[in-house]
Amino acid sequence: MIFKIIKVDDQLQLGKLGKLKKSFFSLKKDDISLFHYQQVKENMYHVVFHSNDEYLLGTKKIGNQTSVPFSQYINFFFFSNSSYCLIESTDQVYFDEIKNYILQKTKSKVQEYSLEKEDFHNIVNRLGGFIKKMEYSDGEEDFERSFTSIDEFNKINDEYSIDYISLNNEEYFISIYKSGKVSVGNSDEEYLIDFAEVIVNELEKSFS
């Protein structure tokens, strides 16, 4: 599963999502609605947004002739003790809709977050494992390295700017991008909850 790291300006306001009526169907064709809301750990909440959409079928010359209803579900983890959140990475259009929905319902603004040097250090060292591939830059030239130890990563991270890293952790592949995207090859609910908590905790350490 792929997540995007975001920040909100008032995480306590996100609790208002739990007071919204949950609905499988949106009132309007393009609306976002709240499908699921649950506290999964102390200070940690899991939300599922539902977006109504349509597949459009037709031809180049005739145009769209048929529409087929389509539902998109987007997972969202937020924390009452942190402004960092993880949202399932989908199309930018869905992300923008959810961002506006959160602002409308909670008055909390959402911003995409890019990883800093210390973020990479904290997350990679906490996850551990074996680094499969790493891409980094000195500002002028790009470099790539495969099969690297955590110690070697730390040295490179001190001197260069990390753009991407993939590692094998507990038999699962994890990819981390400077843009704030993180992916993990596991969709088990309990694992994802723990994974999201680890990422957010390590981001908090960067500014403690």
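**View 1. Salt bridge between K99 and D96 in the predicted model**. The side chains of K99 and D96 meet at 3.9 Å, N to O. Both residues belong to helix α1. They sit three residues apart, about one turn of the helix. K99 is partly exposed, at 27% relative accessibility. D96 is also partly exposed, at 28%.

**View 2. Salt bridge between E112 and K4**. The N to O distance is 3.5 Å. K4 counts as buried because its relative accessible area is 12%, under the 20% cut-off. E112, at 45% relative accessibility, is partly exposed.

**View 3. Salt bridge between E152 and R145**. Here the side chains meet at 2.8 Å, N to O. E152 has a relative accessibility of 27% and counts as partly exposed. R145 is partly exposed too, with a relative accessible area of 32%. In total, the model has nine salt bridges.

**View 4. The largest cavity**. The structure holds one cavity of 30 Å³ or more. About 40 Å³ of space lies inside the largest cavity. Its lining consists of K4, I74, I87, E88, S89, T90, F95 and I98. Strand β5 (82-88) and helix α1 (92-106) each supply at least two of the lining residues. By class, four lining residues are nonpolar, two are polar and two are charged.

**View 5. Buried residues of helix α2**. Helix α2 spans residues 117-127. Its buried residues are D119, F120, N122, I123, V124 and L127. Their cover includes the strands β7 (130-137), β9 (161-169) and β10 (172-177). Helices α3 (150-159) and α4 (189-205) also belong to this cover. Just after α2, G128 takes a positive phi of about 65°.

**View 6. The second largest pocket**. The volume of this pocket is about 150 Å³. R126, L127, N169, E170, Y191, D194, F195 and V198 form the lining. Helices α2 and α4 each supply at least two residues. α4 gives the most, with four. The lining has four nonpolar, one polar and three charged residues.

Conventions:
Residues are numbered from 1 along each chain as its sequence is written. This is a predicted model: local features need pLDDT of at least 70, side-chain atom pairs count only at pLDDT 80 or more; totals for chains, interfaces and linings use all residues. Side-chain values use heavy atoms; hydrogens and water are left out. On a 1 Å grid over the protein atoms alone, a cavity is a set of points where a 1.4 Å probe fits but cannot get out, and a pocket is an open set with protein on both sides within 12 Å along at least five of seven lines; lining residues have an atom within 4 Å of a point. Grid points are joined across faces, edges and corners, and a volume is the space filled by probe spheres set on the points. Ala, Val, Leu, Ile, Met, Phe, Trp, Tyr, Cys and Pro count as nonpolar, Asp, Glu, Lys and Arg as charged, and the others, Gly among them, as polar. Buried means under 20% relative accessible area, exposed over 50%, partly exposed in between (1.4 Å probe, protein chains only). Contact means heavy atoms within 4.5 Å. A salt bridge is a side-chain nitrogen of Lys or Arg within 4 Å of a carboxyl oxygen of Asp or Glu.
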